[in-house]
Amino acid sequence: MASTEVREADTADRAVESPVNEKELSEKTEGVKIDDEEVDEVLDLYIPLKMDPNLPVERNPLTIRAVIVGICLGCLVNASNLYLGLKTGFTFSASMFGAIFGYGIIKSMSKTNIPIIGGMFGPQENSIIQAAATGAGGIAGIFVAGIPAMYQLKAIEGNPKEDFGSIITITLVCSFFGIFFVTPLRKFFIIQVARELKLLFPTPTAVALTIRSMHSGAAGAREALSKLKALGVAFSAALIQRVASYYAVGILYDWHVFTWIHIWSGYTSWAMNIESWGWWFEWTPAFIGSGMLIGMNSALSLFGGAVLAWAIIGPVLVHYGTCVGIQQVEDDPRWADYYSFASLSNLGHSTPSPRYWLLWPGVMIMVCTSIAELFVQYKVIGYACKSVWHKSCVGINNIIEKAGQRSNYFSRVAATELKAAENIVEDPAKPEDQVPLWLWSGGLVLSIVAGILIFEYQWGMNPGLTILACVLGFLFSFLAIQIGAVTDQTPLTAASKASQLVFGAATKNHGYTIKEAQKLNLVAGGLASGAADVANALTSDFRTGFLLSTPPIKQWHAQLMGTLVSVFLAPGMFVLFTSAYPCILDSEAKHCPFAVPSVSAWAAVAQAVTDPAVQIPLTSGIFSIVMGVFCVGQVLFRHFYLVGEREKYRQYLPNWGAIALSFVLPNPVFTTASMFGALVALAWKKWKLSSFDLYGYAVAAGLIAGEGLGGVIGAALEIGGVSGDVLGTTAGCPAGYC
């Protein structure tokens, strides 16, 4: 779901279903209003959209104003992503937020006659805004996962402020390597196999349809104004609520209902037992907003997974002594029953927590489901191999012909395959609007060379391991894009954990100390998943641009410029948060405002694959294997049995990616908030579907971005010494702490 698209911060793995499926997207395009005249239309979503014929031709949509506005909006999302990612393990894309807010800003600017600022504003320029916003709002994932995990494990000395230069260089490599290597795959994913394999790209398609509707004459302008107002109100309300809640967190943000019962009933134990497992409600606008978008299937799967993990499996493990919790208050008998069951510290030296036990089935389910989803799309793999071989033959044949020679084999294969491709595929973008071969290939070579040098001299990783990380980044990008195009889920948690397992094997018995192996494991995992995240974002932008007929080279440049800003902004925000809250980098911290779930998961996997003392519990391993096999079976059942007339039953199958995510999270709080948001959306749709279609995505985008920016303000208040910790109250919080 686009900026309202929820990505898990590893960066990026969201276990959410498509916000709109192909049928719904088509239905939403019936009865489009253009200049107050309704036009019945059912769109083909695999060709460029038909635009309002009254719109003037946009000769150069890559304008200074579009890039600057897009980058500014993306910076807001980038800053909020650091807060949300460290707090919850999730980040959010900037595309929908940038598309709607950018429309409002530039539409008002366009009415002036000031050079650069004024002038005609159309849908293609609108797509440039969201492309720049996506670039500037990205790459936050590595700062809420692998990099802080290195500090928690003491794999690197110092602090982020001292290591700022090194952090920027790794961000630079992750970002631009992903952009350069995915550029030539645009035609393959967006045009060549999209129709055959139903690669709908739900979020980018929804963004394109939103932009088109806002530029559809007077009716579109009125609709856009309504969306903008809804987004602005939701953004402001979420921002104010989050900042105010710092000063009364137990009243305005966290509702610890069972703590209240515990106090009112004279400190009875049963209510505190429920509280200890995380069953309290948080008024988090971001996750209420995301719940409005993910649909009831994913919301129910998330909530059901939380019940399974934190109300059934976890308590059973503790009851039989397989896992233990940590008492939170030792010197006050009123809170003797207050425990935490989410610790991932001191692994290998004490009985593990339920969270560590649940981590492995969660990871196994994600990996098995993602890989199974990839391999059932065997046609994509076959076509990809065929396309790569064809392009290789064309390149070799060109080199041979330039040398004045001729190869019957390469010339025949190149000519035959090229002709077949031309009969099937027609790229609407003109040759001069494509990203030139020399540009992306040259950038790719430079980014790989830079990566080899940077990782060798700054992180101690030899060139072979760096190349392996690049190869894994490419493979995982292919997986993430393909699965995300169908399901709107980007399996980056699976990608990162798989890369950690591969590097655990690659560095074993090679003379590395445990800390050195852990550092390499986390750096390599960050490169693979970070590059895959950026590559998926660019491909999504290409899809939006394809539908709006925006020249690919213009979008590419816009996202490149936005990404360049994020390379410096994301590390800066990371330094801000770790300066305000040093507990982020301390795995032993008992009370920290940030749960850092992704950081803890990355650190736990790194320890398990590098430290002989850290073992996966046998019962957890067995359960993980059983669940992995079961999930693969469901994927096969859905793809090969629930077809044709039986396809309608697919919607009733549980989303195991969402269930697995509930296993990985440290408590059920965020799944509960998402469930509440999904119920709000369901009631809203039942009450008035047209109203939800008009305001729903805008409200959700505003809630998400508003809370994130409120978190940034909270960090500034903390550094300034005027935060809620100093001036606020903890009334309503267990043991005086929320």
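Predicted model: local features only at pLDDT ≥ 70, side-chain atom pairs only at ≥ 80, totals over all residues.

Mentor: The buried residues run from S95, M96, F97, G98, A99 and I100 through G102, Y103 and G104 to I106, M109 and S110. From its first C-alpha to its last, α3 reaches 21 Å, which is close to the 22 Å expected at 1.5 Å a residue. The helix also has a kink of about 25 degrees, centred on G102, and G102 is itself listed among the buried residues of α3.

Beyond this helix comes the loop between α3 (95-110) and α4 (123-136), where I114 is found. I114 is partly exposed, because its relative accessible area of 47% lies between the 20% and 50% cut-offs. Together with I64, I68, I116 and I117, I114 forms a nonpolar patch on the surface, and these residues have about 460 Å² of accessible area together.

Helix α27 (residues 689-719) has 31 residues and reaches 45 Å from its first C-alpha to its last, close to the 45 Å expected at 1.5 Å a residue. α27 bends by about 45 degrees at Y695, and the helix is mostly covered, with 22 of its 31 residues buried. After α27 comes G721, whose phi is positive, near 75 degrees.

Helix α18 (residues 437-459) holds Q458, which counts as partly exposed at 36% relative accessibility. Q458 and I170 are 288 residues apart along the chain, and their C-alpha atoms are separated by 9.2 Å.

Finally, consider the cysteines, for the structure holds zero disulfides. C470 is in no disulfide, and the nearest cysteine sulfur, that of C174, is 9.2 Å away. C470 counts as buried, because its relative accessibility is 9% and the cut-off for buried is under 20%. For C631, the closest cysteine sulfur is in C368 at 7.3 Å, too far for a bond, because a disulfide needs the two sulfur atoms within 2.5 Å. C631 is buried as well, with a relative accessible area of 2%.

Key:
Residues numbered from 1 in each chain as written. Heavy atoms only, no water. Buried < 20%, exposed > 50% of the residue type's maximum accessible area, 1.4 Å probe, protein only. Patch = residues over 30% accessible without salt bridge, like charges linked within 9 Å, V, L, I, M, F, W, Y side chains within 5 Å. Areas by Shrake-Rupley, 256 points an atom, 1.4 Å probe, with all protein chains shown as cover. Salt bridge = Lys/Arg side-chain N within 4 Å of Asp/Glu carboxyl O. Helix = DSSP H or I, 4+ residues; strand = E, 2+ residues; numbered from the N terminus. Expected span 1.5 Å × (residues − 1). Bend = angle between axes of the 7 residues up to and from the residue.
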